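Entries follow in the order I looked things up.

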Amino acid sequence: MSDPFTLAPGVIIDARAVILVLSAPFGGSIAAIVSGTIAGTYRISLGGAGAPVGVTVIFASVTIGMVCARLLERHDGGYNIRQLVMLATAGTGQSLLLLLIPFFAPGINASAMIVPHVIANWIGILLLGGFLTNENRRRHEARALERFAITDPLTGLLNRRAFDWSVAEAVNASGQLKGRTGLLIVDIDNFKSFNDRWGHAVGDQVLRHVAEAIKEEVRNVDTVARFGGEEIVVLLPALDVARASAVAERIRTTIDENVFHFSKIVGNVTVSIGVAVGEPAVTFVELFNAADQALYRAKALGRNRIDIDPVPLDTPIAA
């Protein structure tokens, strides 16, 4: 658009259609509408006899791109060579609109420009589309590697490394909590029996279902991570003991009532949960040890229960 070819005063030909056709397939409908509006406004500002045809070409290019975006399925942020060829071929359809130029600028033989215009747009869409595909796939792979580095592949939860990063953001340089923070340590009761009785595939399924149940019961600001083996930790910012305990009880109840293998009678799954809440003067190590001790007591007292530190065991749990 910045370096157009002038057929006559006010009648120009350029390669803006390449970008306009690709806007929707790679940027989405909003990007296509915005780019089309900007290009159309600019073309109108240039004026001249060819302005009506120019605006029509812009509208057609955006429309073609939006239709192709709906018909062609993008994989990993891009398109394969067959799809790019189809996109380039469809995108050159707007070149036929050059035949309208003589109606607005008599004496100009626009038909002679159609073939070069088609070729230029076809090659441009193919090359730029290929570049965008490669770039998007590179970014997709980079994001996938980032997710792999911080995600537990079995449960989809954050892994130990990602949890440590979350903790680092929650504490100051001395390791003390920046604000009131709750911590839950969730341990699946008798998990080894699932692996021993039905195999590791069933154990893996139990872990996934427990992870899903926990995610359903926490807030978006909470951090849920697989800490190791059958242990899952939940970091709860800005919650007091009563509310952290209520979250733990909801998690325990949900798993007890909804997670099982075969049936509620055969293969019922339960968890024990240690709950602790630390104030800013408390270090995270102290918070973790308190929750770990609470978990140990919950398991020693019969499992399928929560235990709270430092609240006495008989303290009522907030609903």
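For helix axes I used lines fitted to C-alpha atoms over the stretch in contact, with angles from 0 to 180 degrees between N-to-C directions. Helices (H or I, at least four residues) and strands (E, at least two) are DSSP runs, numbered from the N terminus. I kept in mind that this is a predicted model, where local features need pLDDT of at least 70, side-chain atom pairs count only at pLDDT 80 or more, and totals for chains, interfaces and linings use all residues. Residues are numbered from 1 along each chain as its sequence is written, and side-chain values use heavy atoms, with hydrogens and water left out.

**Entry: α1 and α3**

I looked up the pair α1 (residues 16-27) and α3 (residues 51-71). Their axes come within 7 Å and cross at roughly 30 degrees. The crossing is right-handed, meaning that the near helix is turned clockwise from the far one by less than a right angle. I then listed the contact (heavy atoms within 4.5 Å). From α1 come Arg 16, Ala 17, Leu 20, Val 21, Ala 24 and Pro 25. From α3 come Gly 54, Ile 58, Ser 61, Val 62, Gly 65, Met 66 and Ala 69. By class I get 9 nonpolar, 3 polar and 1 charged residues. Here Ala, Val, Leu, Ile, Met, Phe, Trp, Tyr, Cys and Pro count as nonpolar, Asp, Glu, Lys and Arg as charged, and the others, Gly among them, as polar.

**Entry: α11**

Helix α11 (residues 284-300) has 17 residues and spans 24 Å from first to last C-alpha, close to the expected 24 Å. The expected span is 1.5 Å times one less than the number of residues.

**Entry: positive phi**

Just after α11, Gly 302 has a positive phi of about 120 degrees. Asn 304, in the loop between α11 and β7, has phi near 50 degrees. Asn 304 is partly exposed at 25%. Asn 190 also has a positive phi, about 50 degrees. Asn 190 lies in the loop between β3 and α8 (191-198) and is partly exposed at 48%.

Conventions: Buried means under 20% relative accessible area, exposed over 50%, partly exposed in between (1.4 Å probe, protein chains only).
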